[in-house]
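Visitor: I would like to learn how to read the features of a protein model, one at a time. Could you take me through this one slowly?

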Amino acid sequence: MLSQLIRTGNNYGRLNKAFGGIFQYVYFHFDGMKELGKIITDVNLNETVPEDVVAQIKKDVYEHILLIFKNQGIVSGERHVQISKWFGELESTFYKHPRSPHPDVFRVSNNEEEGCTNVGRTGWHIDGSFMSEPFKLSLYHMVAVPKSGDTAFVPLYDLIESLEPDVRKRWERLYMLSDRRSRLTHPLIYAHPITKKPTLCFHLGMTDAFIWDAGTDKERLTEWPETKHILMEIHQEIEKNNRQLVYSHKWEQGDFIISDNLAVGHEATPETQKPVQEVGLRVLHRTTVKGTDKPSKS
């Protein structure tokens with residue numbers, strides 16, 4: 001199967017020949033899933049990228065959600081930021097670590113001296129759900145690759161399409177209430193501002209409550225037991241059928257990922273925080289592109 005072939009690491013060249021286009025690339029998908037992402041093997045992000053290739057990348061990230069660039073070596077913080085600015089202005093609301101190579105690069109690790117720890121371990125989420133306009137894109141680069149420690153992704157359109165009708169009907173009535181001081185509310189399900197496909201605005205670890213039927217005479221705030229039940233339901237829907245909807249990316253040296261943050265949920269797997277003595281040092285750099293659209297039902 002294609003999903004098995006791409007994980008061997010030695011089949012990229014053979015698979016590339018089967019596909020055409022501006023890149024030599026392969027699409028990848030998983031059993032029971034629709035096409036999710038694109039693996040790109042012949043673009044060197046450390047060199048000047050032609051304008052037509054940049055234009056194709058901008059198009060593909062919204063069509064395929066994840067673009068995984070292989071064999072990039074080490075991408076400097078400055079270059080990481082330059083690539084990110086292809087897509088818009090950057091937003092730097094996250095913690096600053098002394099070893100970060102650039103003010104706009106978020107550096108995370110399994111060693112607090114090397115980067116911020118326990119990042120992404122509070123549950124499935126999109127980045128920036130606590131902001132009025134959540135981040136458009138997230139760009140990841142693994143600088144130091146541990147023996148284990150995946151980043152897991154779930155395509156949100158596929159998740160919504162997989163829901164039983166009664167579950168989707170209930171989710172359509174829900175708004176999330178952020179746990180941040182701003183106490184922002186966003187519809188749980190709304191239309192992606194670019195693709196117009198239904199997607200989710202959510203964070204399973206940073207939600208204080210949900211609001212039923214916001215803006216109507218039936219509006220009601222959930223108490224914690226009900227909030228917890230809804231959060232667990234979302235988690236279970238993501239991981240149902242033996243995590244059939246989930247792609248868990250096993251990082252390799254030189255991987256660089258561009259993701260449509262509004263279309264794909266993610267979380268760091270538990271192994272990402274195993275001690276250096278057990279799995280080796282993990283250092284991940286991330287940038288986020290400032291959002292321009294507030295999630296809305298209209």
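Visitor: Which residue of β13 stands opposite Ala152?

Guide: As a general idea, strands of a sheet pair through backbone hydrogen bonds, either parallel or antiparallel. In this model, which is a predicted one, Ala152 stands opposite Ser248 in β13, and β6 is joined to β13, residues 247-249, by three bridges that run in the antiparallel sense. β6 also runs antiparallel to β15, to which five bridges join it, and there Thr151 has Ala268 of β15 opposite it.

Visitor: Which residues of β6 point one way, and which the other way?

Guide: In a regular strand the side chains alternate between the two faces of the sheet. For β6, Thr151, Phe153 and Pro155 point one way while Ala152 and Val154 point the other way, and all of them are buried. The strand is therefore described as mostly covered, with five of its five residues counted as buried, that is, under 20% relative accessible area.

Visitor: In what order do the four strands of the open sheet stand?

Guide: The order is β8-β7-β11-β12, and the pairing is antiparallel. β8 (185-187) and β12 (220-221) stand at the edges with a single partner strand each, so one side of each has no neighbour in the sheet. Between β11 and β12 the antiparallel pairing rests on two bridges, and Ile211 stands opposite Leu221 in β12.

Visitor: How should I read a helix, and which residues of α3 are buried?

Guide: An α-helix has 3.6 residues a turn, so residues three or four places apart point the same way. Helix α3, residues 51-64, has 14 residues and reaches 20 Å from its first C-alpha to its last, close to the 20 Å expected at 1.5 Å a residue. The buried residues in α3 are Val53, Val54, Ile57, Asp60, Val61, Tyr62 and His64, and just after the helix Ile65 takes a positive phi of about 75°.

Visitor: Which residues have the most contacts inside the largest nonpolar core?

Guide: Those residues are Trp124, Trp171, Leu200, Phe202, Ile234 and Ile238, in a core of 28 residues. Several elements give two or more residues to this core, including β6 (151-155), α5 (156-161) and α6 (165-171), but α7 gives the most, with four residues. A second, separate core of 23 residues includes Leu45, Val61, Leu67 and Val75.

Visitor: What is the volume of the largest pocket, and which residues are closest to its centre?

Guide: The largest pocket has a volume of about 630 Å³. Of the 26 residues in its lining, Phe106, Val119, Gly120, Asp127 and Arg286 are the closest to the centre. The largest share of the lining, three residues, comes from β15, and by class the lining has twelve nonpolar, nine polar and five charged residues.

Visitor: What lines the largest cavity?

Guide: Its lining is made up of Tyr62, Lys136, His192, Pro193, Ile194, Leu262, Thr292 and Asp293, and about 40 Å³ of space lies in this cavity. By class, four of these lining residues are nonpolar, two are polar and two are charged.

Key. Residues are numbered from 1 along each chain as its sequence is written. This is a predicted model: local features need pLDDT of at least 70, side-chain atom pairs count only at pLDDT 80 or more; totals for chains, interfaces and linings use all residues. Side-chain values use heavy atoms; hydrogens and water are left out. On a 1 Å grid over the protein atoms alone, a cavity is a set of points where a 1.4 Å probe fits but cannot get out, and a pocket is an open set with protein on both sides within 12 Å along at least five of seven lines; lining residues have an atom within 4 Å of a point. Grid points are joined across faces, edges and corners, and a volume is the space filled by probe spheres set on the points. Ala, Val, Leu, Ile, Met, Phe, Trp, Tyr, Cys and Pro count as nonpolar, Asp, Glu, Lys and Arg as charged, and the others, Gly among them, as polar. The expected span of a helix is 1.5 Å times one less than its number of residues. Buried means under 20% relative accessible area, exposed over 50%, partly exposed in between (1.4 Å probe, protein chains only). A nonpolar core is a set of buried Ala, Val, Leu, Ile, Met, Phe, Trp, Tyr and Cys residues joined through side-chain atoms within 4.5 Å. Two strands pair if DSSP finds at least two bridges between them.
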